[in-house]
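Please read it alongside the sequence and the model.

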Number of protein chains: 2
Amino acid sequence: MTTIRDVAKDANVSVATVSRVMNDNGYVNPETREKVKDTIARLNYQPNSVARSLYKKESKTIGIMVPDIMNPYFPELVRGVEDYLIEKGFTTILCNTDEDPDKERLYLDVMKQRYVDGAIVVSNTLKRDLIDQYDMPIVALDRSIHENVPTFMVNNTVGAEQATQHLIDIGCKRIAHVRGPEHVENATARYEGYYNIMQQANRFHEHYVVQGDFDQKQSAKAVKQLLQEHPEVDGIFAGNDIMALGALKAAESLGIKVPQELAIIGFDGIDLSSMTIPELSTMSQPIYEMSTQAADALMSLISGEATDETEHIYQPTLEWRQSTDRMRKED
Amino acid sequence: MTTIRDVAKDANVSVATVSRVMNDNGYVNPETREKVKDTIARLNYQPNSVARSLYKKESKTIGIMVPDIMNPYFPELVRGVEDYLIEKGFTTILCNTDEDPDKERLYLDVMKQRYVDGAIVVSNTLKRDLIDQYDMPIVALDRSIHENVPTFMVNNTVGAEQATQHLIDIGCKRIAHVRGPEHVENATARYEGYYNIMQQANRFHEHYVVQGDFDQKQSAKAVKQLLQEHPEVDGIFAGNDIMALGALKAAESLGIKVPQELAIIGFDGIDLSSMTIPELSTMSQPIYEMSTQAADALMSLISGEATDETEHIYQPTLEWRQSTDRMRKED
DNA sequence: AGAATGCATGTAACGGGTTACACAAAACGC
DNA sequence: GCGTTTTGTGTAACCCGTTACATGCATTCT
């Protein structure tokens with residue numbers, strides 16, 4: 001590997017001059033600059049990032065912590081972050097936390113030891129005090145962590161209200177909800193949105209809410225039982241698209257026609273939702289946009305710019321597809 | 001940040017002794033060891049990986065290059081690699097290449113500058129000479145690069161033969177194939193498997209092969225046209241699961257019943273394949289296993305151990321699900 | 001007893017890019 | 001013409017963990 005000293009020697013200048021040419025700062029005589037640039041090109045010199053990091057205490061690296069990259073919601077999010085950051089000369093290290101606080105801590109330790117410049121975090125478990133211990137720029141995505149950690153997420157409650165309202169609008173009378181885990185904040189927010197609309201319509205019944213754990217199989221099982229016990233249910237709002245697929249399966253296994261006898265709507269708008277038969281109506285999140293803007297906010301934090309607002313709330317949009325495609329019908 | 005010199009001063013020993021305690025090498029008096037360990041714990045000293053990397057010319061980091069993490073085949077693969085490596089104290093940097101040689105080169109440059117220890121690569125475009133330029137331990141996953149780059153992949157041709165044979169076994173007579181892009185080696189291998197069986201059965205017809213580009217929409221379009229022109233087709237082998245979903249859509253849009261009138265089988269065995277209605281039969285790859293073993297091989301390469309074989313070929317297994325679930329029927 | 005070996009610890013160089021500081025020459029101000 | 005500022009370049013310290021080498025003492029061997 002060519003070092004800056006090799007270049008300096010070859011070009012008959014000092015390492016300081018080479019460094020100044022590389023970084024375009026300080027005074028360098030135009031002729032000297034050219035000479036050094038030629039040498040750099042000739043020797044194919046590429047500066048060693050590690051040495052630079054050691055002195056500057058920064059690494060041009062950020063970490064992205066997600067529960068599990070295998071969950072179809074996260075790849076797009078990770079891709080958005082990675083795309084944005086590579087443009088800025090940053091690399092991205094991937095951390096799968098499984099929502100395990102120990103793993104989160106482990107990754108934070110590793111990051112700290114490597115002078116990682118900041119992190120984008122999807123977590124319910126990460127708490128303020130832990131973040132403070134590491135004093136590292138952090139941005140929250142999809143789920144909030146603390147009020148003064150910049151956060152990028154959709155308005156889950158409003159989105160859920162819209163989804164539930166949509167079911168009412170197309171004529172559903174008995175609307176059930178498959179919810180995500182209790183400990184996941186956005187699962188609860190979506191439940192609340194559902195609750196708000198149902199309560200308002202005077203149609204809320206506790207037994208229409210089942211636990212799907214953000215999991216397809218669990219959802220299929222829970223919905224199947226629900227539909228058997230309550231065949232009058234004619235609409236289901238699932239807390240995410242994966243569970244909506246589970247609901248679809250449950251309906252299919254009972255010979256219930258979607259959307260004619262049962263309308264189903266999901267949440268997230270992952271690619272998958274448009275690939276199924278019938279195509280799934282869903283509240284679509286601007287995942288890619290949120291993630292690039294989160295990355296942008298992290299860049300600002302790292303460079304020390306003050307960020308104006310800490311909460312960035314996006315509105316999910318209704319994707320009206322086949323699974324809720326039916327005419328109004330009367331009770 | 002606490003440094004090794006802080007610890008040394010506090011414990012009244014030299015930095016060398018602290019280093020020896022940290023790394024468990026060299027001679028250290030048991031009492032001194034205890035004293036230093038106490039100090040380390042008390043000051044919560046965590047060594048700086050960057051300084052270590054600079055001296056050792058290694059970073060305990062590897063890169064994983066995939067075309068696009070949003071392609072549902074890759075998250076599991078990436079997860080397998082990351083899971084395995086974090087256990088070994090390595091972190092993983094994610095590289096989305098979009099199969100673009102310029103991006104591949106860019107990432108390799110970045111890795112080199114950071115003393116990245118090795119890379120796991122999924123690529124058709126990366127060529128031997130480029131790898132040689134970077135002389136970095138490299139393992140190929142899913143697609144081969146060169147004969148002396150350790151490779152972990154399934155036997156695509158045999159898998160495709162099995163898939164095609166399966167369609168024959170369940171009674172299909174006119175079997176079509178939706179293939180992936182010409183430039184992707186495994187797409188061609190799968191096509192060849194299909195070709196072999198069809199030729200052998202004396203049933204190969206060029207016009208039964210359509211281009212699906214590994215894309216759901218493209219596949220749906222191509223298959224729809226195929227089915228309109230050749231309504232006699234009663235079986236489809238799709239080059240991957242995503243395209244099989246496209247085929248499913250095409251059939252559905254034409255009112256063709258799957259599997260009764262048309263059997264469909266995919267390839268890969270991504271999670272998605274078991275979530276659809278009907279559930280998709282597919283040739284399932286041991287993705288997670290392949291990826292952890294690729295990571296293991298990379299570890300061996302990095303530590304300089306000789307690896308016995310360079311090619312590791314796995315057999316995909318038939319997942320016989322609803323989309324090919326029918327009795328034999330006669331011509 | 002003297003040499004050789006093992007044990008324990010310390011000093012300082014090393015890795016490679018950055019930059020504070022020093023110094024010199026040129027340009028400018030009056 | 002002399003003081004001040006700007007321009008241009010070099011030297012060496014710095015970041016921090018690792019390790020080659022040196023040193024000193026205690027054993028063990030011959």
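## Basis of the description

Helices, taken as H or I runs of at least four residues, and strands, taken as E runs of at least two, are DSSP runs numbered from the N terminus. The model is a predicted one.

## The helix α4(A)

Directly after α4(A) comes Lys57(A), which has a positive phi near 55°. Within α4(A) the buried residues are Ser49(A), Val50(A) and Ser53(A); because they cover an arc of only 95° around the axis, they lie on the same side of α4(A). The partners against which the buried residues of α4(A) pack are α4 and α6 of chain B.

## The contact between the chains

Chain B and chain A each bring 38 residues to the contact. On the side of chain B that touches chain A, two or more residues are given by each of α4 (49-56), α5 (74-87), β2 (91-96), α6 (101-113) and α11 (241-253) of chain B, and α5(B) supplies the largest share of that side, with 6 residues. By residue class, the side of chain B that touches chain A consists of 18 nonpolar, 11 polar and 9 charged residues.

## The surface near DNA strand C

DNA strand C is surrounded by 29 residues, the closest being Ile4(A), Ala51(A), Ser14(B), Ala16(B) and Asn29(B). The elements that give two or more residues to this surface are α1 (4-11), α2 (15-23) and α4 (49-56) of chain A, together with α2 (15-23) and α4 of chain B. The surface near DNA strand C comprises 17 nonpolar, 9 polar and 3 charged residues.

Notes:
Residues are numbered from 1 along each chain as its sequence is written. Chains are lettered from A and ligands numbered from 1 in the order in which they are written. This is a predicted model: local features need pLDDT of at least 70, side-chain atom pairs count only at pLDDT 80 or more; totals for chains, interfaces and linings use all residues. Two residues are in contact if their C-beta atoms, placed from the backbone, lie within 7 Å. Ala, Val, Leu, Ile, Met, Phe, Trp, Tyr, Cys and Pro count as nonpolar, Asp, Glu, Lys and Arg as charged, and the others, Gly among them, as polar. A residue is near a molecule or strand if its C-beta atom, placed from the backbone, lies within 6 Å of it. A residue is buried if 20 or more other C-beta atoms lie within 10 Å of its own, exposed if 12 or fewer, and partly exposed in between; C-beta atoms are placed from the backbone. The arc is that of the directions from the helix axis to the C-beta atoms.
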